[in-house]
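This report describes selected side-chain features of one protein structure. Please consult the sequence and the model shown below while reading.

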Amino acid sequence: MIIRWQKHQEFYIVRMYQDLVGDWIVAQSWGNSTECKNACTQTVTPSYQDARLQVREIRKQLKSKGFRLIARQETQLGFEFAPCLSDSDLQT
């Protein structure tokens, strides 16, 4: 999931995804498009529900600060990964 907000020249982008080991990540990027100032953070959450709650809280904060949601067409690729095999599984 990729969500983008904007207020004047300021932007805020949130990405929520599952990494290769199964953790849910909430990545946040923000800055100002007219200045060379920006930053980002990544937070590991224990579950999909916790990641969604964090995204919901970010949305509330941004709305209260006057940011508006920007609709963008983005393609998300889905990958299915098989669970890791243990050494004993590989020997059989």
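Histidine 8 is exposed, because its relative accessibility of 67% lies over the 50% cut-off. The residue is found in the loop between β1 (2-7) and β2. The model is a predicted one, and in it the phi angle of histidine 8 is near 55 degrees, a positive value in a residue that is not glycine. Most residues other than glycine have a negative phi.

**Nonpolar core**

The largest nonpolar core comprises twelve residues: Ile3, Trp5, Tyr12, Val14, Met16, Trp24, Val26, Ala51, Val55, Ile58, Leu62 and Phe67. At least two residues of this core come from each of β1, β2, β3 and α1. The greatest contribution is that of α1, which gives four residues.

Tryptophan 5 is placed in strand β1 and is buried, with a relative accessible area of 3%. When neighbours within four places in sequence are left aside, the contacts of tryptophan 5 include Tyr12, Val14, Ile58, Leu62 and Phe67, as well as Arg59 and Arg68. Tryptophan 5 also lies 8.7 Å from alanine 71, C-alpha to C-alpha, although 66 residues separate the two in sequence. For methionine 16, with neighbours within four places again left aside, the contacts are Met1, Trp24, Ile25, Val26, Tyr48, Ala51, Arg52 and Val55.

**Aromatic pairs**

How many aromatic pairs does a search of the whole structure find? The search finds two. A pair of aromatic rings is described by the distance of the centres and the angle of the planes. The rings of tyrosine 12 and tryptophan 30 are stacked, because their planes stand at 15 degrees, with the centres 5.7 Å apart. This pair links distant parts of the chain: tyrosine 12 belongs to strand β2 (residues 10-18) and tryptophan 30 to strand β3 (residues 24-32), 18 residues apart. Tyrosine 12 is buried at a relative accessible area of 14%, whereas tryptophan 30 is partly exposed at 29%.

The rings of tryptophan 24 and tyrosine 48 have centres 5.0 Å apart and planes at 70 degrees, so this pair is edge-to-face. Because tryptophan 24 lies in strand β3 and tyrosine 48 in helix α1 (residues 48-64), the pair ties together parts that are 24 residues apart in sequence. Tryptophan 24 is buried, with a relative accessible area of 19%, while tyrosine 48 is partly exposed at 37%.

**Salt bridge and cysteines**

Side chains of opposite charge can pair when their charged atoms come close. The count of salt bridges comes to one. The bridge joins lysine 60 to glutamate 57, with the closest N and O atoms 3.5 Å apart. Lysine 60 and glutamate 57 are separated by about one helical turn, because they are three residues apart in helix α1.

A disulfide is a covalent bond between the sulfur atoms of two cysteines. How many disulfides does a search of the whole structure find? The search finds zero disulfides.

| Residue | Relative accessibility | Class |
|---|---|---|
| Cysteine 36 | 84% | exposed |
| Cysteine 40 | 58% | exposed |
| Lysine 60 | 43% | partly exposed |
| Glutamate 57 | 41% | partly exposed |

Methods:
Residues numbered from 1 in each chain as written. Predicted model: local features only at pLDDT ≥ 70, side-chain atom pairs only at ≥ 80, totals over all residues. Heavy atoms only, no water. Phe/Tyr/Trp six-rings, centres within 6.5 Å; stacked < 30°, edge-to-face > 60°. Buried < 20%, exposed > 50% of the residue type's maximum accessible area, 1.4 Å probe, protein only. Core = buried A, V, L, I, M, F, W, Y, C linked by side-chain atoms within 4.5 Å. Contact = heavy atoms within 4.5 Å. Disulfide = S-S within 2.5 Å. Salt bridge = Lys/Arg side-chain N within 4 Å of Asp/Glu carboxyl O.
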